[in-house]
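Subject: Structure handover

Hello,

Here is the structure for your files. My notes on it follow below.

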Amino acid sequence: MSIRARLTFALILGLLLGLSLSAADRVLADRDPGPPSGAVRASSSVALPWSDARLLAEVIQRVRDNYVDSVDDHRLLLSAIRGMVESLDDHSTFLTPDEFQDMKVSTSGAYAGIGVEVAPGKNGVSIVRRMPDSPAERAGIQTGDVIVRIDDIAVDPADIDAAISRMRGPEGSAIRLAVRRAGSDGLLEFNVQREQVPLPSVMAEMLTPEYGYLRVTSFTDATAQELERAVGKLERNGAGAAPKGFVIDLRNNPGGVLDAAVQIADDFLDHGTIVSAEGRTNEARFRMEAKPGDISKGAKLVLLVNGGSASASEILAAALHDNHRATLIGRRTYGKGSVQTIMPLSDGQALKLTTSRYFTPSGVSINGIGIVPDTVLEGPEQPPGEMDTSEETSLGSGEPTLVQRDAQVALALQALSGHPGQIATGRPLAPAPPARPPAPQ
(Lines give C-alpha, C1' and ligand atoms only; values in the text may rest on other atoms or scores of the structure.)
Protein backbone atom coordinates (compact mmCIF):
# COMPACT_ATOMS: atom_id res chain seq x y z
CA MET A 1 0.00 0.00 0.00
CA SER A 2 1.39 3.47 -0.92
CA ILE A 3 2.24 6.08 1.72
CA ARG A 4 -0.69 8.17 0.52
CA ALA A 5 -3.08 5.25 0.86
CA ARG A 6 -1.79 4.53 4.37
CA LEU A 7 -2.36 8.16 5.31
CA THR A 8 -5.89 7.90 3.94
CA PHE A 9 -6.47 4.77 5.98
CA ALA A 10 -5.21 6.49 9.14
CA LEU A 11 -7.51 9.42 8.50
CA ILE A 12 -10.48 7.09 8.02
CA LEU A 13 -9.74 5.37 11.31
CA GLY A 14 -9.53 8.75 13.02
CA LEU A 15 -12.91 9.74 11.60
CA LEU A 16 -14.49 6.49 12.70
CA LEU A 17 -13.05 6.88 16.19
CA GLY A 18 -14.34 10.44 16.34
CA LEU A 19 -17.80 9.25 15.39
CA SER A 20 -17.78 6.63 18.13
CA LEU A 21 -16.70 9.06 20.86
CA SER A 22 -18.96 12.04 20.03
CA ALA A 23 -21.41 12.94 22.78
CA ALA A 24 -25.15 13.11 22.11
CA ASP A 25 -26.68 16.59 22.29
CA ARG A 26 -30.39 16.18 21.51
CA VAL A 27 -32.85 13.70 20.09
CA LEU A 28 -35.22 13.96 17.14
CA ALA A 29 -38.60 12.46 17.21
CA ASP A 30 -36.92 14.10 19.66
CA ARG A 31 -35.77 13.83 23.24
CA ASP A 32 -33.18 15.75 25.24
CA PRO A 33 -31.04 13.00 26.78
CA GLY A 34 -30.27 15.17 29.80
CA PRO A 35 -26.96 15.56 31.64
CA PRO A 36 -24.35 12.78 31.67
CA SER A 37 -25.07 10.17 34.31
CA GLY A 38 -21.46 9.44 35.16
CA ALA A 39 -18.14 8.67 33.64
CA VAL A 40 -17.90 8.04 29.91
CA ARG A 41 -18.51 4.39 29.16
CA ALA A 42 -15.84 2.40 27.43
CA SER A 43 -16.76 1.59 23.86
CA SER A 44 -18.17 -1.89 23.45
CA SER A 45 -17.28 -1.99 19.75
CA VAL A 46 -14.33 -4.00 18.53
CA ALA A 47 -11.55 -2.58 16.39
CA LEU A 48 -12.20 -2.32 12.66
CA PRO A 49 -10.82 -5.50 11.05
CA TRP A 50 -7.65 -4.83 9.03
CA SER A 51 -9.13 -6.48 5.95
CA ASP A 52 -12.13 -4.12 5.98
CA ALA A 53 -9.94 -1.07 6.54
CA ARG A 54 -7.66 -2.16 3.69
CA LEU A 55 -10.67 -2.67 1.40
CA LEU A 56 -11.96 0.82 2.15
CA ALA A 57 -8.54 2.35 1.51
CA GLU A 58 -8.24 0.38 -1.74
CA VAL A 59 -11.64 1.56 -3.00
CA ILE A 60 -10.82 5.18 -2.23
CA GLN A 61 -7.45 4.80 -4.00
CA ARG A 62 -9.09 3.25 -7.11
CA VAL A 63 -11.73 5.97 -7.28
CA ARG A 64 -9.12 8.70 -6.87
CA ASP A 65 -6.89 7.22 -9.58
CA ASN A 66 -9.43 5.98 -12.13
CA TYR A 67 -12.74 7.88 -11.87
CA VAL A 68 -13.46 9.86 -15.05
CA ASP A 69 -13.23 13.17 -13.15
CA SER A 70 -10.77 14.17 -10.47
CA VAL A 71 -12.35 13.81 -7.01
CA ASP A 72 -11.14 15.61 -3.91
CA ASP A 73 -10.09 13.31 -1.03
CA HIS A 74 -12.20 15.28 1.45
CA ARG A 75 -15.29 14.87 -0.72
CA LEU A 76 -14.65 11.13 -1.02
CA LEU A 77 -14.39 10.68 2.73
CA LEU A 78 -17.52 12.73 3.46
CA SER A 79 -19.42 10.73 0.85
CA ALA A 80 -18.20 7.48 2.42
CA ILE A 81 -19.38 8.63 5.84
CA ARG A 82 -22.77 9.78 4.51
CA GLY A 83 -23.29 6.52 2.64
CA MET A 84 -22.35 4.46 5.70
CA VAL A 85 -24.83 6.25 7.95
CA GLU A 86 -27.70 6.54 5.47
CA SER A 87 -27.47 2.82 4.65
CA LEU A 88 -28.56 2.04 8.23
CA ASP A 89 -32.19 3.21 7.87
CA ASP A 90 -34.35 5.92 6.34
CA HIS A 91 -33.83 8.41 9.17
CA SER A 92 -30.13 8.29 10.06
CA THR A 93 -27.89 10.73 8.20
CA PHE A 94 -24.68 12.72 8.29
CA LEU A 95 -25.23 16.49 8.51
CA THR A 96 -22.98 19.14 7.02
CA PRO A 97 -22.58 22.36 9.06
CA ASP A 98 -25.30 24.07 6.98
CA GLU A 99 -27.65 21.09 7.37
CA PHE A 100 -26.97 20.96 11.11
CA GLN A 101 -27.67 24.68 11.43
CA ASP A 102 -30.94 24.34 9.46
CA MET A 103 -32.02 21.52 11.78
CA LYS A 104 -31.30 23.63 14.86
CA VAL A 105 -33.36 26.45 13.38
CA SER A 106 -36.29 24.17 12.57
CA THR A 107 -36.40 22.75 16.10
CA SER A 108 -35.66 25.93 18.05
CA GLY A 109 -38.85 27.75 17.01
CA ALA A 110 -36.98 30.94 16.08
CA TYR A 111 -34.30 32.25 13.72
CA ALA A 112 -32.51 35.51 12.94
CA GLY A 113 -34.02 36.97 9.78
CA ILE A 114 -36.65 39.37 8.45
CA GLY A 115 -39.86 37.37 9.03
CA VAL A 116 -41.23 36.32 5.63
CA GLU A 117 -42.16 33.06 3.93
CA VAL A 118 -41.27 32.87 0.25
CA ALA A 119 -41.95 30.77 -2.83
CA PRO A 120 -40.45 30.82 -6.35
CA GLY A 121 -41.77 33.77 -8.37
CA LYS A 122 -41.13 35.44 -11.71
CA ASN A 123 -37.48 36.59 -11.79
CA GLY A 124 -37.23 36.30 -8.03
CA VAL A 125 -38.91 34.90 -4.93
CA SER A 126 -42.44 35.91 -4.01
CA ILE A 127 -43.44 36.75 -0.44
CA VAL A 128 -46.41 34.51 0.39
CA ARG A 129 -46.63 35.42 4.07
CA ARG A 130 -45.37 38.30 6.18
CA MET A 131 -45.20 37.55 9.88
CA PRO A 132 -46.92 40.02 12.24
CA ASP A 133 -44.65 42.60 13.89
CA SER A 134 -41.65 41.31 11.93
CA PRO A 135 -38.77 43.43 10.57
CA ALA A 136 -40.28 42.97 7.09
CA GLU A 137 -43.67 44.31 8.20
CA ARG A 138 -42.13 47.32 9.94
CA ALA A 139 -40.04 48.10 6.85
CA GLY A 140 -43.16 48.17 4.66
CA ILE A 141 -42.64 44.94 2.71
CA GLN A 142 -45.96 43.43 1.63
CA THR A 143 -47.35 39.98 0.82
CA GLY A 144 -47.14 39.53 -2.95
CA ASP A 145 -43.92 41.51 -3.31
CA VAL A 146 -41.23 39.76 -5.39
CA ILE A 147 -37.65 39.99 -4.12
CA VAL A 148 -35.33 40.27 -7.14
CA ARG A 149 -32.04 41.27 -5.46
CA ILE A 150 -30.55 40.70 -2.02
CA ASP A 151 -27.55 42.91 -1.19
CA ASP A 152 -27.15 43.64 -4.92
CA ILE A 153 -27.04 39.91 -5.79
CA ALA A 154 -29.73 38.77 -8.24
CA VAL A 155 -32.13 36.17 -6.84
CA ASP A 156 -32.46 32.91 -8.76
CA PRO A 157 -36.06 31.63 -8.38
CA ALA A 158 -34.78 28.10 -9.08
CA ASP A 159 -32.54 28.27 -6.00
CA ILE A 160 -34.91 29.40 -3.27
CA ASP A 161 -32.70 27.86 -0.56
CA ALA A 162 -29.89 30.28 -1.48
CA ALA A 163 -32.27 33.23 -1.18
CA ILE A 164 -33.51 32.05 2.20
CA SER A 165 -29.93 31.56 3.40
CA ARG A 166 -28.97 35.11 2.36
CA MET A 167 -32.00 36.59 4.13
CA ARG A 168 -30.95 34.92 7.37
CA GLY A 169 -27.95 36.18 9.26
CA PRO A 170 -26.64 37.48 12.57
CA GLU A 171 -29.16 39.25 14.75
CA GLY A 172 -28.81 43.03 14.35
CA SER A 173 -27.18 42.86 10.92
CA ALA A 174 -28.70 44.75 7.99
CA ILE A 175 -29.90 43.45 4.64
CA ARG A 176 -30.80 45.41 1.48
CA LEU A 177 -33.67 44.15 -0.70
CA ALA A 178 -34.79 45.20 -4.17
CA VAL A 179 -38.48 44.39 -4.57
CA ARG A 180 -40.92 44.43 -7.48
CA ARG A 181 -44.48 45.32 -6.47
CA ALA A 182 -47.60 45.11 -8.61
CA GLY A 183 -48.75 48.59 -9.64
CA SER A 184 -45.39 50.24 -8.85
CA ASP A 185 -42.99 51.62 -11.44
CA GLY A 186 -39.47 50.35 -11.05
CA LEU A 187 -38.02 48.51 -8.08
CA LEU A 188 -38.56 49.40 -4.44
CA GLU A 189 -35.54 49.39 -2.13
CA PHE A 190 -35.73 48.32 1.52
CA ASN A 191 -33.09 48.28 4.24
CA VAL A 192 -34.11 45.77 6.90
CA GLN A 193 -32.38 44.85 10.15
CA ARG A 194 -32.45 41.19 11.04
CA GLU A 195 -33.76 40.11 14.43
CA GLN A 196 -34.97 36.97 16.16
CA VAL A 197 -38.19 35.92 14.45
CA PRO A 198 -40.46 33.26 15.98
CA LEU A 199 -41.54 30.31 13.83
CA PRO A 200 -45.12 29.71 15.01
CA SER A 201 -46.10 26.05 15.10
CA VAL A 202 -49.60 26.43 16.60
CA MET A 203 -52.62 28.27 15.18
CA ALA A 204 -55.97 28.47 16.94
CA GLU A 205 -59.50 29.77 16.54
CA MET A 206 -63.00 29.10 17.86
CA LEU A 207 -65.14 26.93 15.58
CA THR A 208 -68.30 27.73 17.53
CA PRO A 209 -68.79 29.56 20.84
CA GLU A 210 -68.29 26.21 22.60
CA TYR A 211 -65.62 24.36 20.58
CA GLY A 212 -62.07 25.36 19.76
CA TYR A 213 -59.60 24.38 17.05
CA LEU A 214 -55.82 23.91 17.42
CA ARG A 215 -53.61 23.28 14.38
CA VAL A 216 -50.10 22.04 15.22
CA THR A 217 -47.84 22.20 12.15
CA SER A 218 -44.62 20.89 13.74
CA PHE A 219 -43.04 20.21 17.12
CA THR A 220 -40.33 22.67 18.16
CA ASP A 221 -38.86 23.65 21.52
CA ALA A 222 -41.58 26.31 21.77
CA THR A 223 -44.64 24.31 20.61
CA ALA A 224 -45.93 23.23 24.03
CA GLN A 225 -45.80 26.80 25.34
CA GLU A 226 -47.52 28.04 22.16
CA LEU A 227 -50.32 25.51 22.55
CA GLU A 228 -50.82 26.30 26.22
CA ARG A 229 -51.13 30.01 25.40
CA ALA A 230 -53.54 29.21 22.55
CA VAL A 231 -55.80 27.16 24.84
CA GLY A 232 -55.88 30.03 27.32
CA LYS A 233 -56.76 32.49 24.54
CA LEU A 234 -59.59 30.28 23.27
CA GLU A 235 -60.96 29.97 26.80
CA ARG A 236 -61.16 33.77 26.95
CA ASN A 237 -62.85 33.89 23.51
CA GLY A 238 -65.43 31.22 24.38
CA ALA A 239 -69.01 31.69 25.47
CA GLY A 240 -68.17 32.80 28.98
CA ALA A 241 -66.79 29.39 29.97
CA ALA A 242 -64.02 26.97 29.06
CA PRO A 243 -64.59 25.29 25.67
CA LYS A 244 -66.41 21.96 25.82
CA GLY A 245 -64.05 20.41 23.33
CA PHE A 246 -61.11 20.90 20.98
CA VAL A 247 -60.22 19.68 17.50
CA ILE A 248 -56.44 19.15 17.40
CA ASP A 249 -55.27 19.06 13.78
CA LEU A 250 -52.07 17.07 13.17
CA ARG A 251 -52.52 16.61 9.42
CA ASN A 252 -49.24 16.94 7.49
CA ASN A 253 -47.30 17.47 10.73
CA PRO A 254 -43.99 15.63 10.15
CA GLY A 255 -43.00 15.62 13.82
CA GLY A 256 -39.94 17.17 15.45
CA VAL A 257 -39.03 17.52 19.12
CA LEU A 258 -40.29 14.56 21.15
CA ASP A 259 -40.31 16.53 24.40
CA ALA A 260 -42.85 18.95 22.90
CA ALA A 261 -45.24 16.13 21.98
CA VAL A 262 -44.83 14.58 25.43
CA GLN A 263 -45.54 17.91 27.16
CA ILE A 264 -48.69 18.48 25.09
CA ALA A 265 -49.92 14.97 25.86
CA ASP A 266 -49.23 15.64 29.54
CA ASP A 267 -51.20 18.92 29.27
CA PHE A 268 -54.36 16.94 28.45
CA LEU A 269 -53.75 13.89 30.67
CA ASP A 270 -54.08 13.45 34.43
CA HIS A 271 -52.26 10.11 34.49
CA GLY A 272 -51.04 7.26 32.31
CA THR A 273 -48.08 6.32 30.15
CA ILE A 274 -47.33 8.72 27.31
CA VAL A 275 -44.56 6.83 25.50
CA SER A 276 -41.82 4.30 26.16
CA ALA A 277 -38.69 3.45 24.19
CA GLU A 278 -36.10 0.70 23.93
CA GLY A 279 -32.52 0.99 22.71
CA ARG A 280 -29.00 -0.27 23.40
CA THR A 281 -27.87 2.47 25.81
CA ASN A 282 -29.34 3.62 29.11
CA GLU A 283 -30.19 7.00 27.56
CA ALA A 284 -32.10 5.27 24.75
CA ARG A 285 -34.40 3.40 27.16
CA PHE A 286 -37.08 5.49 28.83
CA ARG A 287 -40.72 5.65 29.87
CA MET A 288 -42.62 8.93 30.23
CA GLU A 289 -45.69 9.22 32.47
CA ALA A 290 -48.32 11.96 32.68
CA LYS A 291 -48.50 14.17 35.75
CA PRO A 292 -51.80 15.32 37.31
CA GLY A 293 -53.41 18.37 35.70
CA ASP A 294 -55.46 18.88 32.53
CA ILE A 295 -55.33 22.38 31.01
CA SER A 296 -58.59 21.77 29.14
CA LYS A 297 -60.49 20.81 32.33
CA GLY A 298 -61.63 17.52 30.79
CA ALA A 299 -62.82 18.94 27.46
CA LYS A 300 -63.53 16.40 24.72
CA LEU A 301 -60.80 15.93 22.12
CA VAL A 302 -60.82 14.86 18.49
CA LEU A 303 -57.53 14.58 16.60
CA LEU A 304 -57.27 14.86 12.81
CA VAL A 305 -54.45 12.80 11.26
CA ASN A 306 -53.34 11.67 7.81
CA GLY A 307 -50.42 10.05 5.99
CA GLY A 308 -48.30 13.13 6.62
CA SER A 309 -48.72 12.84 10.41
CA ALA A 310 -45.46 11.29 11.56
CA SER A 311 -43.09 10.77 14.46
CA ALA A 312 -43.93 13.16 17.33
CA SER A 313 -47.44 13.58 15.85
CA GLU A 314 -47.98 9.85 16.17
CA ILE A 315 -46.64 9.87 19.74
CA LEU A 316 -49.18 12.54 20.71
CA ALA A 317 -52.05 10.83 18.87
CA ALA A 318 -51.32 7.44 20.43
CA ALA A 319 -50.86 8.89 23.93
CA LEU A 320 -54.23 10.67 23.91
CA HIS A 321 -56.02 7.77 22.23
CA ASP A 322 -54.68 4.89 24.31
CA ASN A 323 -55.40 6.78 27.53
CA HIS A 324 -59.08 7.08 26.51
CA ARG A 325 -58.70 10.81 26.03
CA ALA A 326 -59.31 11.39 22.31
CA THR A 327 -60.83 9.99 19.16
CA LEU A 328 -58.79 9.90 15.93
CA ILE A 329 -60.35 10.82 12.58
CA GLY A 330 -58.65 10.78 9.19
CA ARG A 331 -56.26 8.49 7.39
CA ARG A 332 -53.60 6.05 8.50
CA THR A 333 -50.54 7.88 9.80
CA TYR A 334 -47.02 7.66 8.38
CA GLY A 335 -45.55 5.05 10.71
CA LYS A 336 -42.26 6.43 12.06
CA GLY A 337 -41.66 4.67 15.34
CA SER A 338 -38.01 5.47 15.97
CA VAL A 339 -36.04 8.12 17.84
CA GLN A 340 -33.01 9.91 16.42
CA THR A 341 -30.20 11.43 18.50
CA ILE A 342 -28.29 14.43 17.14
CA MET A 343 -24.58 13.99 17.88
CA PRO A 344 -22.39 17.06 17.22
CA LEU A 345 -19.08 16.30 15.53
CA SER A 346 -16.00 18.36 14.74
CA ASP A 347 -16.07 21.41 12.44
CA GLY A 348 -19.78 22.07 12.93
CA GLN A 349 -20.90 18.75 11.47
CA ALA A 350 -23.27 16.31 13.15
CA LEU A 351 -24.66 12.79 13.07
CA LYS A 352 -28.39 12.09 13.23
CA LEU A 353 -28.55 8.47 14.35
CA THR A 354 -31.47 6.22 15.22
CA THR A 355 -30.95 5.19 18.83
CA SER A 356 -34.39 3.96 20.03
CA ARG A 357 -37.66 2.45 18.94
CA TYR A 358 -40.67 3.79 20.78
CA PHE A 359 -43.91 2.11 21.82
CA THR A 360 -47.41 3.49 22.33
CA PRO A 361 -49.04 3.28 25.78
CA SER A 362 -50.75 0.06 24.68
CA GLY A 363 -47.33 -1.45 23.92
CA VAL A 364 -47.57 -1.27 20.11
CA SER A 365 -44.70 -0.36 17.78
CA ILE A 366 -46.12 1.58 14.84
CA ASN A 367 -42.79 1.66 12.95
CA GLY A 368 -43.44 1.12 9.25
CA ILE A 369 -47.12 0.50 10.00
CA GLY A 370 -48.77 3.68 11.21
CA ILE A 371 -51.91 4.30 13.25
CA VAL A 372 -55.40 3.47 11.96
CA PRO A 373 -57.86 6.17 13.15
CA ASP A 374 -61.17 5.31 14.82
CA THR A 375 -62.94 6.86 11.83
CA VAL A 376 -61.10 6.19 8.57
CA LEU A 377 -61.84 8.56 5.70
CA GLU A 378 -61.86 7.31 2.13
CA GLY A 379 -61.61 9.00 -1.25
CA PRO A 380 -59.49 11.93 -2.45
CA GLU A 381 -58.00 14.01 0.33
CA GLN A 382 -58.27 17.78 0.34
CA PRO A 383 -55.54 19.93 1.96
CA PRO A 384 -56.36 21.52 5.32
CA GLY A 385 -58.47 24.65 4.95
CA GLU A 386 -56.83 28.04 5.29
CA MET A 387 -57.26 29.64 8.67
CA ASP A 388 -58.26 33.18 9.52
CA THR A 389 -54.93 34.83 10.35
CA SER A 390 -56.43 38.06 11.63
CA GLU A 391 -56.45 38.85 15.32
CA GLU A 392 -60.25 38.87 15.42
CA THR A 393 -62.22 35.64 15.39
CA SER A 394 -64.04 34.87 12.17
CA LEU A 395 -67.22 33.90 14.01
CA GLY A 396 -70.10 36.14 12.97
CA SER A 397 -68.07 37.93 10.29
CA GLY A 398 -70.23 36.69 7.43
CA GLU A 399 -67.21 35.07 5.73
CA PRO A 400 -67.07 31.28 5.21
CA THR A 401 -65.77 29.73 8.42
CA LEU A 402 -63.08 27.08 8.72
CA VAL A 403 -65.84 24.50 9.31
CA GLN A 404 -67.35 25.46 5.96
CA ARG A 405 -63.97 25.49 4.18
CA ASP A 406 -62.67 22.19 5.56
CA ALA A 407 -64.93 19.11 5.47
CA GLN A 408 -62.71 17.15 7.87
CA VAL A 409 -62.85 19.90 10.47
CA ALA A 410 -66.63 19.86 10.06
CA LEU A 411 -66.65 16.09 10.65
CA ALA A 412 -64.50 16.48 13.77
CA LEU A 413 -66.81 19.19 15.11
CA GLN A 414 -69.80 16.92 14.49
CA ALA A 415 -68.06 14.15 16.47
CA LEU A 416 -67.48 16.57 19.33
CA SER A 417 -70.88 18.22 19.48
CA GLY A 418 -73.32 15.79 17.89
CA HIS A 419 -72.10 12.31 18.79
CA PRO A 420 -70.52 12.38 22.25
CA GLY A 421 -70.69 8.61 22.51
CA GLN A 422 -67.98 8.36 19.85
CA ILE A 423 -65.45 10.30 21.89
CA ALA A 424 -62.61 8.54 23.68
CA THR A 425 -63.51 4.98 22.78
CA GLY A 426 -60.19 3.83 24.15
CA ARG A 427 -59.88 1.10 21.53
CA PRO A 428 -56.22 -0.01 21.68
CA LEU A 429 -54.26 0.87 18.58
CA ALA A 430 -53.93 -2.16 16.37
CA PRO A 431 -51.32 -2.66 13.66
CA ALA A 432 -52.56 -1.46 10.29
CA PRO A 433 -52.57 -3.62 7.16
CA PRO A 434 -49.03 -4.03 5.79
CA ALA A 435 -49.65 -1.94 2.67
CA ARG A 436 -49.05 1.75 3.30
CA PRO A 437 -49.42 4.63 0.86
CA PRO A 438 -46.33 6.82 0.41
CA ALA A 439 -46.11 9.88 2.62
CA PRO A 440 -43.55 12.61 3.14
CA GLN A 441 -40.77 12.29 5.70
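With which residue does Asp294 form a salt bridge? Asp294 pairs with Arg325, and their closest N and O atoms are 2.9 Å apart. A salt bridge here is a side-chain nitrogen of Lys or Arg within 4 Å of a carboxyl oxygen of Asp or Glu. This pair links distant parts of the chain: Asp294 is in the loop between β15 and β16, Arg325 is in the loop between α9 (312–322) and β17 (327–330), and 31 residues separate them. Helices (H or I, at least four residues) and strands (E, at least two) are DSSP runs, numbered from the N terminus. Asp294 is buried, with a relative accessible area of 17%, and Arg325 is buried at 12%. Buried means under 20% relative accessible area, exposed over 50%, and partly exposed in between (1.4 Å probe, protein chains only).

Before the rest, the conventions. The model is predicted, so local features need pLDDT of at least 70 and side-chain atom pairs count only at pLDDT 80 or more, while totals for chains, interfaces and linings use all residues. Residues are numbered from 1 along each chain as its sequence is written, and side-chain values use heavy atoms, with hydrogens and water left out.

Other salt bridges

The structure holds 17 salt bridges. One of them joins the side chains of Asp145 and Arg181, at 2.8 Å from N to O. Asp145 sits in the loop between α5 (135–139) and β6 (146–150), and Arg181 in the loop between β8 (174–180) and β9 (188–193); the pair links distant parts of the chain, 36 residues apart. Both Asp145 and Arg181 are buried.

Asp266 forms a salt bridge with Lys291, with 2.8 Å between the closest N and O atoms. Asp266 lies in helix α8 (residues 258–268) and Lys291 in the loop between β15 (286–289) and β16 (300–305), so this pair ties together parts that are 25 residues apart in sequence. Asp266 is buried, with a relative accessible area of 6%.

There is also a network of salt bridges, which links Arg215, Asp249, Arg251 and Asp406.

Around Gln408

Gln408 lies in helix α11 (residues 407–417) and counts as buried, at 9% relative accessibility. Leaving aside neighbours within four places in sequence, Gln408 is in contact (heavy atoms within 4.5 Å) with Arg251, Leu304, Arg331, Leu377, Glu381 and Gln382. Arg251 is also a member of the salt-bridge network above. The C-alpha atoms of Gln408 and Gly330 are separated by 7.7 Å, with the two residues 78 residues apart along the chain.

Backbone and surface

Which residues other than glycine have a positive phi? Among them are Asp152, at about 65 degrees, and His324, near 60 degrees. Asp152 is in the loop between β6 and β7 (153–154) and counts as exposed, at 54% relative accessibility. His324 lies in the loop between α9 and β17 and is partly exposed, with a relative accessible area of 48%.

On the surface, Asp98, Asp102, Asp156, Asp159 and Asp161 gather in a patch of negative charge. Patches are made of residues with over 30% relative accessible area and no salt bridge, with like charges joined within 9 Å and nonpolar side chains (Val, Leu, Ile, Met, Phe, Trp, Tyr) within 5 Å. Asp98 is in helix α4 (residues 97–108) and is exposed, with a relative accessible area of 60%.

Regards

Terms used:
Accessible areas come from the Shrake-Rupley method with a 1.4 Å probe; for residues, only the protein chains shown count as cover. Lys and Arg count as positive and Asp and Glu as negative; His and the chain ends are not counted. The place of a charge is taken as NZ of Lys, CZ of Arg, CG of Asp or CD of Glu.
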